[in-house]
Amino acid sequence: MSGFTSPFDLPLDGAAAPARIPSVEARDALGVDILFLDDYVVTPDGDYQLVAGLENLRRWILRCLLVSQGEFRVRPSFGAGVAQFVKKPITAARRDELRNRILEQLRRDDRIEQIQEVAIETVTINAKPAVRIRVRVQALGRAVEFQPFSFAREA
């Protein structure tokens, strides 16, 4: 996915990835996955570092944004393919197409009870054209708004 910068390896608040598993309700409802940054993260005990709860959901949404359809052989319809949109000028029609792709992906996840907002705006980050995507959903019976995901063109 070259051609743009992605926040995939940055935790929600910019701090280190959470080291403990959240409540049983959040873990069971939102799942647990292996934390993957540039590589798998291994704990001092030799186990893979896990991510769970809302952070797991946030990372799943980010993965949906990053992956282009056809990239995963076992799930060829997975992914919104933000990189395709960042590399070209964003017109109103292209913004609508990207928003529809994102909505389609979010609707497929049973953890998301309701999609409250998917907002896409064009911005400039470090003098480079970028796209900022804000996602608000309802999960576990409460509204969840994630820090906006930003994707900038590389030179």
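This is a predicted model: local features need pLDDT of at least 70, side-chain atom pairs count only at pLDDT 80 or more; totals for chains, interfaces and linings use all residues.
**Which residues in H2 are buried?**

The buried ones are Gly53, Glu55, Asn56, Leu57, Arg58, Arg59, Trp60, Ile61, Leu62, Cys64, Leu65 and Leu66. That makes H2 a mostly covered helix, with twelve of its 14 residues buried.

The helix length checks out too. At 1.5 Å a residue, the 14 residues of H2 should span 20 Å, and the C-alpha atoms at its ends do sit 20 Å apart, so the two values agree.

**The nonpolar core**

The largest nonpolar core holds 29 residues. Inside it, the most contacts belong to Ile61, Leu98, Ile102, Ile133 and Phe151. H2 gives the most, with seven residues. As background, nonpolar side chains in soluble globular proteins tend to be buried together.

Back in H2, Ile61 is buried and is among the core residues with the most contacts. Leaving aside residues up to four places away in sequence, Ile61 touches Leu106, Val135, Phe146 and Phe149.

Across the pair, Gln138 stands opposite Ala143 in S6.

Together S5 and S6 make a hairpin, with two residues between the strands. In that turn, Leu140 has a positive phi of about 55°.

Methods: Residues are numbered from 1 along each chain as its sequence is written. Side-chain values use heavy atoms; hydrogens and water are left out. A nonpolar core is a set of buried Ala, Val, Leu, Ile, Met, Phe, Trp, Tyr and Cys residues joined through side-chain atoms within 4.5 Å. Buried means under 20% relative accessible area, exposed over 50%, partly exposed in between (1.4 Å probe, protein chains only). Helices (H or I, at least four residues) and strands (E, at least two) are DSSP runs, numbered from the N terminus. Contact means heavy atoms within 4.5 Å. The expected span of a helix is 1.5 Å times one less than its number of residues. Two strands pair if DSSP finds at least two bridges between them.
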